[in-house]
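The sequence and structure are shown first.

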Amino acid sequence: MGEKTLDTSVTNSKKRSYLPTAVAVYTTFLMCGIIMSISAQYKLQLAELWGEKGNIAAVLSVSSAVGVGGLIGTLAGPISDKFGRRFASIMACLCTVINFAGFMLAPNVTVAYICSLIGGIGNSFMNAGLTPSMQDAYPDKRSMLTVLTKFFVSFGQFILPFVIVAFNAQHISFKVAFWGITVVYAVIGIACFFLPFPEVGGDRQAQKVEASSDVKPKGKIKITLESVILGLMGFSTTAVFMVWTNTNQELGKLYGLTNPAMLQSVYAIASLVSVLTTSAMVAKGVRESTILIVYPAVCAAGLLLSYFVQSGPLLYVLAAIMGWFASGGLMQLAVSLLAGLYPAHKATAISIVGLGNALSNWLIIRACGSITASASTNAPRVILLMNMVIAIVGVLFGIIVRISQNRRAKNNITNLES
């Protein structure tokens, strides 16, 4: 009787359409790409709104609170695995609504800082709720769907400048954009109460039904070198493109470019195309570990070449390389692989990678600042070398993951749960 009930439950889950949920999920990630950059575009306006006219440093301090919130929000993973993807997704939207409504209503920088911190926690719930919900709903397309989150984030970042130009042309207040984001997240949050969400670890249940109805989860997980390395990839895969995006303007000026801002445009376009291409490659059967080895290797080669060949035009090639091979969804592939090792604890696994991501956002920017202070005009080239070392470490991580995968395959081990 139990076997028939479980089998029916899994079959119904497979037949259920999660398309409306997918639309909400990827709309959220599209908006996420916009909100990642919008505060930086309106620093002066926000400073004045919070009673700190002209104090850009105050706005940057508020923005840094997102990283602190992300570290606190590491607990979002276990919460999502315990209480479900719906709860985590609603929390993500609620925190974002508080963040952006709070920005518009904050009487001072202190309140704005708290709102930004809550927004960082919301980002963690977003990754812990929305990403694994798609993995649970479509387990056979786990990697492709996870990489697509990167595409929508990148696309949001790509369209933001056009939105700002349109607002300026029509003399529309920046407040409309912030309130608009608030409304969108409020609508998605309300929709999450009614949209279908898959059961946590639904793909694992399906595997157990196919194998034996008598197999019961013991709730134990095994930590291996492979899982540790995949968690560390949250740091390495983020750091390479974070260093580039935060220092390419200075490098362009050092190499004689008159309009170094174009480097970011080349980078953004290459990133968009790469995410789609990488997603298609994974869907066609290219192993994620292969990409995790090849992509950072190409980045390391490009960075080394640009260190020795101090050519402005060559930097446009490097910008395309960094957009394609550093920002082509590597972190999302690491997320997918780690989540696959712990199918009943996906959100927790994703939060571990997210922790590495948050640490990278904080430590790498500090490292670049220290190098800039000590190396003076040659700092951009020193940073190139640092970035190359990080990329090489990423290659080594990818090789370790590949070896571990092959070893598990020989022993017929598909995941690290029992």
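H171 lies in the loop between helix 8 (142-169) and helix 9 (174-191); helices (H or I, at least four residues) and strands (E, at least two) are DSSP runs, numbered from the N terminus. The model is a predicted one, in which local features need pLDDT of at least 70 and side-chain atom pairs count only at pLDDT 80 or more, while totals for chains, interfaces and linings use all residues. Residues are numbered from 1 along each chain as its sequence is written, and side-chain values use heavy atoms, with hydrogens and water left out.

Although H171 is not a glycine, its phi is positive, at about 55°. With a relative accessible area of 75%, H171 is exposed; the classes are buried for under 20% relative accessible area, exposed for over 50%, and partly exposed in between (1.4 Å probe, protein chains only). N412, also a residue other than glycine, has a positive phi near 60°. This residue is found in the segment after helix 17, and N412 counts as exposed because its relative accessibility is 67%.

**Salt bridges**

How many salt bridges does a search of the whole structure find? The search finds three, a salt bridge being a side-chain nitrogen of Lys or Arg within 4 Å of a carboxyl oxygen of Asp or Glu. In general terms, side chains of opposite charge can pair when their charged atoms come close.

| D81 | R85 | 2.9 Å |

D136 is buried, as is R85.

Since E226 lies in helix 11 (residues 225-254) and R408 in helix 17 (residues 379-410), the pair ties together parts that are 182 residues apart in sequence. E226 counts as buried at 3% relative accessibility, and R408 counts as buried at 15%.

From C-alpha to C-alpha, F125 and V187 are 17 Å apart in space, and they are 62 residues apart in sequence.

Rolling a probe the size of a water molecule over the atoms shows where empty space is left. Here a cavity is a set of points, on a 1 Å grid over the protein atoms alone, where a 1.4 Å probe fits but cannot get out; lining residues have an atom within 4 Å of a point. Grid points are joined across faces, edges and corners, and a volume is the space filled by probe spheres set on the points. By this rule there are two cavities of 30 Å³ or more.

The largest cavity holds about 90 Å³ of space. Its lining has 13 residues, of which S236, T237, V240, P296 and L330 lie nearest the centre. Helix 11, helix 13 (288-308), helix 14 (312-326) and helix 17 are the elements that give two or more residues to this lining. Which element provides the largest share of the lining of the largest cavity? It is helix 11, with four residues. By class, the lining of the largest cavity has 10 nonpolar, three polar and no charged residues; Ala, Val, Leu, Ile, Met, Phe, Trp, Tyr, Cys and Pro count as nonpolar, Asp, Glu, Lys and Arg as charged, and the others, Gly among them, as polar.

The second largest cavity has a volume of about 60 Å³. Its lining consists of V243, W244, T247, L251, L303, P380, I383, L384 and N387. Helix 11 and helix 17 are the elements that give two or more residues to this lining. The residues divide into seven nonpolar, two polar and no charged.

I221, I223, V228 and L232 make a nonpolar surface patch of about 350 Å². Patches are made of residues with over 30% relative accessible area and no salt bridge, like charges being joined within 9 Å and nonpolar side chains (Val, Leu, Ile, Met, Phe, Trp, Tyr) within 5 Å. Accessible areas come from the Shrake-Rupley method with a 1.4 Å probe, and for residues only the protein chains shown count as cover.

Key: On a 1 Å grid over the protein atoms alone, a cavity is a set of points where a 1.4 Å probe fits but cannot get out, and a pocket is an open set with protein on both sides within 12 Å along at least five of seven lines; lining residues have an atom within 4 Å of a point.
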